[in-house]
Amino acid sequence: MAIEPIIIEAIINGEKHKAENQAPRENPAHPDEIVGYAPLNTKEETVQAIDAADQAFTEWRDTSFDERINRMRRAIQKIKDKTPEIAELLAREHGKALYDAKGEIAVSLMWMEFACDNVAEVLKDEEHEHDGGKTIIARDAIGVISAISPWNYPISLSTIKIAPALLAGNTMVLKPSPLAPLAVSKVTELIAEEFPPGVLNLVHGEAEVGVELTSNPKVAKIAFTGGTETAKHIMKAAADTIKHMTLELGGNDAAIVLDDFDVNDEKAMRRLVVSNFLTAGQICMIAKRVYVHESIYDTFIKKYREAADKWIRVGDPFDENVTVGAVNNKKQIEFVQSLIDDSKQKGAEVIKLGKILDEDLFEQGYFMQPTLVLGADYDDPIVEQEQFGPTVPILPFKDDEHAIHLANKSIFGLTSSVWGNQEHAVKVAKRIQAGTTMINTAAVQGLDVRFPFGGVKQSGIGREYGKEGLLAYAETHVINMPKSLDLPYIPE
C-alpha cells in the first residue's frame, strides 16, 4: 500500500521554515517509493538558525536545572507516546528492521532519562574550603552547539547530543544526514516544542550548510558523529575560532576469540553473529574483523556458520521474521561489494549466510545477503578498512601477542571485544587500544549509556554517554577566594 510522503521543514527560532528546495528520501527496501522530503536549506537560513540559538542562549543559560529537566522530561514522554509511528518512519526511510528501529529509540530514551536524572548532580557547583581560602568550581554552559548526525543511527546519535547540551544550558542547531532525515526531524520537533524559541533549531542541506555550522564564529562547540575524513575538514573549518569539539568517528573494530572460548555456546555464538550483522553491519561500533585462535578456528567457523544461518533472515523491514533489512543506500552497497570482489580476486573464499525471505523484493531493493570472508590476508582492504555493511572477515591468530598486535594495527580505535574465559579476556582487553572493549559481547549488545563512549586514535575526540557525556557540554569555571589577598614576596 502506497504511503503518502511526509514533508519535513526546518525549525528556526521556534517556527517551521519552508525551504525553496527539497530533497526526496527513498525507501531502501522499495526504492521506487518516496518516504518523504527534507528541505535543502541555504547558508543564509543556517546563519538565521545560529543567530536564533545565540540570542536564545543569553536567557536559557540562566534557567534552573529544574526547568531544563522538566522540559526535557515532557519531551521524553512525547517521544514515548509516538514511538510506534516514529519507529515505522525510521524503518521505512532507513531500511533497518522494525525491531531494530524500536531498539534505537529505546536506547535514545534510556540516555535522555539518564541525562535528566544525573545532570544536576554532575554539573552542580563544587565548593572547597581549604587552608588558602575558598574555591568554587562551576560548570558553565558553553554557548551555541552545532550538532551534525549520521544516517546509520540518526535518532540516538542526535539525542546523544541534544539532551546533554540543552540540559547544561546550551542552545543548538542540529543538521541530520540527508540519507535518514525524516524520523530524527520528527523527534527533534517534539523536543523543540517543549523549549523556548531558538533553544533547539533544525536545518538540513548540503555542504554550504555544514561549512557554516563548523566555521561560524557564534558557534562555540561542534558535536559530530561520522567519518574520519569529514572530521578532518571540520577541524580545519573550526580552527580559526578554536571551537570545542566532540568527535565520534569511524572504527574498524576487532573481535578476538581466545583459545578458551566455548564454541558450543550457542548464545555466545549468536551474540557474535548479531555483533557483525545488526543493522546490516552499518554501525560504527560493530565487530568488523574477527580474529580466532588457530586451535579452535575450524570448529569455530563451522559453529559460526550454523548460528548465522539460523539467525540471519534478510527481507522487508516490516516482516516480523526479518532480522536483517536493507542497506541504507546504493553507494554503500557498491562500496561493500567492491571490498568483497577485491577479496575474491585475491583468492579469498566468500560464503553467503542466512536466508533471503523474498527473492523478488531482494532484487528490487538495496539488499545484500550477509557474507563471511575466509582466507583474506591481514592487510587486505576488507580487513583494514571499515566495511560498514553486511560482510565480515574471520582470520586465525597464533597467540595472545599476535592477536593484540593485529587488533592494534589500525588507525582506528573505537570499540573492540574479547571472547573467552573472563579473567583471560580482561587481561587481553587491557592491552587493546580502543575507547571501549567488551567481554563476551559486542556492539549495541554491550553498550551501557551510564558509562562513557568514544574512540582513541583516529576514531574520535572526547566522550559521549555517562557523566563524561554531560561534562562535555559544560565549561569548567574556577572561582578563587584566597584568605590572603597579597602575595608574600611582593615588597611594600
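Helix α8 supplies the largest share of the lining of the largest pocket, with six residues. The model is a predicted one. In this model, the largest pocket has a volume of about 1200 Å³. Its lining comprises 42 residues. Nearest the centre of the pocket lie W151, F224, G226, G227 and T230. Two or more lining residues come from each of α7 (207-215), β11 (219-225), α8 (228-238) and α11 (330-345). By class, the lining holds 18 nonpolar residues, 18 polar residues and six charged ones.

Helix α11, one of the elements that line the pocket, was then examined along its length. The helix has 16 residues, and its end C-alpha atoms are 22 Å apart.

Several residues of α11 are buried. They are Q332, I333, V336, L339, I340, D342 and S343. An α-helix has 3.6 residues a turn, so residues three or four places apart point the same way.

At the start of the helix, a side-chain oxygen of N329 comes to within 3.3 Å of the backbone nitrogen of K331. Just after the helix, G347 adopts a positive phi of about 100°.

Note on methods
Residues numbered from 1 in each chain as written. Predicted model: local features only at pLDDT ≥ 70, side-chain atom pairs only at ≥ 80, totals over all residues. Heavy atoms only, no water. 1 Å grid on protein atoms, 1.4 Å probe; cavity = no way out; pocket = protein on both sides within 12 Å on 5 of 7 lines; lining within 4 Å. Points joined across faces, edges and corners; volume = space filled by probe spheres on them. Helix = DSSP H or I, 4+ residues; strand = E, 2+ residues; numbered from the N terminus. Nonpolar A, V, L, I, M, F, W, Y, C, P; charged D, E, K, R; others polar. Expected span 1.5 Å × (residues − 1). Buried < 20%, exposed > 50% of the residue type's maximum accessible area, 1.4 Å probe, protein only. Polar contact = N/O pair within 3.5 Å; in protein donor to acceptor, adjacent residues only side chain to side chain.
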